[in-house]
Amino acid sequence: QVLLVESGGGLVQVGGSLRLSCEISRGTFSQFRMAWFRLSPEQEREFVGGLRWIGNTTEYVDPVKGRFPRFTIPRDNAKNTMYLQMNRLKPEDTAVYYCAADPRYIDSWHREKDYEYWGQGTQVTVSS
């Protein structure tokens with residue numbers, strides 16, 4: 001059973017930065033499509049971005065070009081970990097952030113059913 005463990009959430013002031021981590025255990029990192037979602041009371045679960053490996057290349061997927069220009073998704077293969085680097089945070093970024101993983105090679109990224117495995121979620125609160 002693949003396990004996704006998230007960490008790094010917390011309280012931050014407007015304009016600050018946070019880096020969330022998502023570690024895969026019981027699985028090989030490069031075999032999965034990986035993604036970040038977020039859920040807030042105002043919105044349904046929203047796709048933030050994702051990545052997968054094609055050979056030795058990382059393909060990054062944005063929900064809508066320019067939708068999250070303040071966010072990047074670094075990864076560390078040696079640590080089996082994907083990150084969500086969030087900069088210049090705004091109150092509307094307040095949400096529970098989830099990482100997700102799926103072993104299928106498909107070109108559908110935005111739906112919950114596109115992913116078999118989910119992390120437990122980590123709360124990010126941006127105070128003004």
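Leu11 is exposed, its relative accessible area being 65%; exposed means over 50% relative accessible area, buried under 20%, and partly exposed in between, with a 1.4 Å probe and protein chains only. The model is predicted, so that local features need pLDDT of at least 70 and side-chain atom pairs count only at pLDDT 80 or more, while totals for chains, interfaces and linings use all residues. Residues are numbered from 1 along each chain as its sequence is written, and side-chain values use heavy atoms, with hydrogens and water left out.

**Overall architecture**

- In sequence order, the pattern is β-β-β-β-β-β-β-β-β-β-β-β.
- The radius of gyration of the chain is 14 Å, which agrees with the value near 14 Å for a compact globule of 128 residues. This radius is taken over C-alpha atoms, and the globule rule is 2.2 Å times the number of residues to the power 0.38.
- The C-alpha trace spans about 40 × 25 × 25 Å along its principal axes.
- Of the 128 residues in the chain, 46% are buried.
- Among contacts between residues at least 6 apart in sequence, 58% join residues at least 24 apart; a contact means heavy atoms within 4.5 Å.

**Surface and charge**

- The chain carries 16 positive and 15 negative charges, whose mean positions are 3 Å apart. Lys and Arg count as positive and Asp and Glu as negative, whereas His and the chain ends are not counted; each charge is placed at NZ of Lys, CZ of Arg, CG of Asp or CD of Glu.

**Arg33, a buried residue in β4**

- Arg33 lies in strand β4, residues 33–40, and is buried at a relative accessible area of 2%.
- Polar atoms of the Arg33 side chain lie 2.8 Å from the backbone oxygen of Arg104 and 2.5 Å from the backbone oxygen of Asp114.
- Not counting residues up to four places away in sequence, Arg33 touches Leu51, Arg52, Ala100, Ala101, Asp102, Arg104, Ile106, Ser108, Trp109, Asp114 and Tyr115.

- Gly50 belongs to strand β5, residues 43–54, and counts as buried because its relative accessibility is 0%.
- With neighbours within four places in sequence left aside, Gly50 is in contact with Met34, Ala35, Glu59, Tyr60, Val61, Ile73 and Trp109.
- The C-alpha atoms of Gly50 and Pro63 are 8.5 Å apart, and the two residues are separated by 13 residues along the chain.
- Tyr60 is in strand β6, residues 57–61, and counts as partly exposed at 45% relative accessibility.
- Beyond residues up to four places away in sequence, Tyr60 touches Gly50, Leu51, Ile73 and Arg75.
- Tyr60 and Arg33 are 27 residues apart in sequence, with 10.0 Å between their C-alpha atoms.

- Leu11 lies in strand β2, residues 10–13. Apart from neighbours within four places in sequence, Leu11 is in contact with Thr125 and Ser127.
- The C-alpha atoms of Leu11 and Ser127 are 7.2 Å apart, although 116 residues separate the pair in sequence.
- Gln85 lies in strand β9. Apart from neighbours within four places in sequence, Gln85 is in contact with Ser17, Leu18, Arg19, Arg70, Phe71, Thr72 and Pro74.
- Gln85 and Ser17 are 68 residues apart in sequence, and their C-alpha atoms are 7.5 Å apart.
- The side chains of Gln85 and Asn87 make a polar contact at 2.9 Å. A polar contact is a pair of N or O atoms within 3.5 Å; within protein, one must be able to donate a hydrogen and the other to accept it, and residues adjacent in sequence count only if both atoms are side-chain atoms.

**Positive phi values in loops**

- Asn80, in the loop between β8 (75–76) and β9 (81–86), has a phi near 55 degrees, a positive value in a residue other than glycine.
- Asn80 is partly exposed, with a relative accessible area of 21%.
- Arg88, in the loop between β9 and β10 (95–102), is a residue other than glycine with a positive phi, near 50 degrees.

Notes. Helices (H or I, at least four residues) and strands (E, at least two) are DSSP runs, numbered from the N terminus.
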